[in-house]
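Please open the model in your viewer and keep the selection tool at hand. The stops below proceed from one selection to the next.

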Amino acid sequence: MKEEKKIILFDGVCNLCNGAIQFIIKRDKKDVFRYAALQSDLGAQLVKERGIDTSTVDSFVLIEPGMAYYIKSDAALEIARSFGGVWKLLQIFKWIPSSFRNVIYDFVARNRYRWFGKKDQCMVPTPELQAKFLG
């Protein structure tokens, strides 16, 4: 049976989010992830299907098709775990309740445009990376 890829939904106009996607792509040695902007039709459909309120979650969502989805700091920790090696050490932060972790996450998310800027339109992947992007 063909394994489905995990899907990362991200804010396609956010410079910080786009930088994070580039960071993830470089470390995704096992080709685990596919990507879609939250602003895309597919992104909107996937969050709607899961009942995710994009007024409170508007930067990162990790979807494991047919299994689960993760938001905010939980999504970041799950993504880091997939890298293996020393990145797995970040799992120690799971001992901290997500409500506390997300205070910091939300603070950065609220200020991301001010600190890192934003694009006028969603990122256009290079031809080499096009197959990794959905919708």
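**A guided selection tour**

The model is predicted: local features need pLDDT of at least 70, side-chain atom pairs count only at pLDDT 80 or more, and totals for chains, interfaces and linings use all residues. Residues are numbered from 1 along each chain as its sequence is written, and side-chain values use heavy atoms, with hydrogens and water left out.

D58 and R112 form a salt bridge (a side-chain nitrogen of Lys or Arg within 4 Å of a carboxyl oxygen of Asp or Glu), their closest N and O atoms being 3.4 Å apart. R112 is buried, at a relative accessible area of 3%.

Select S59 next. Is S59 buried or exposed? S59 is buried, with a relative accessible area of 5%. Its side chain makes a polar contact of 2.6 Å with that of Y105; such a contact is a pair of N or O atoms within 3.5 Å, where within protein one must be able to donate a hydrogen and the other to accept it, and residues adjacent in sequence count only if both atoms are side-chain atoms.

Move to D74 and R101, a salt bridge whose closest N and O atoms are 2.9 Å apart. D74 is partly exposed at 23% relative accessible area, whereas R101 is buried at 11%.

Finish with K6 and E64, both buried; the closest N and O atoms of this salt bridge are 3.8 Å apart.

How values were computed:
Buried < 20%, exposed > 50% of the residue type's maximum accessible area, 1.4 Å probe, protein only.
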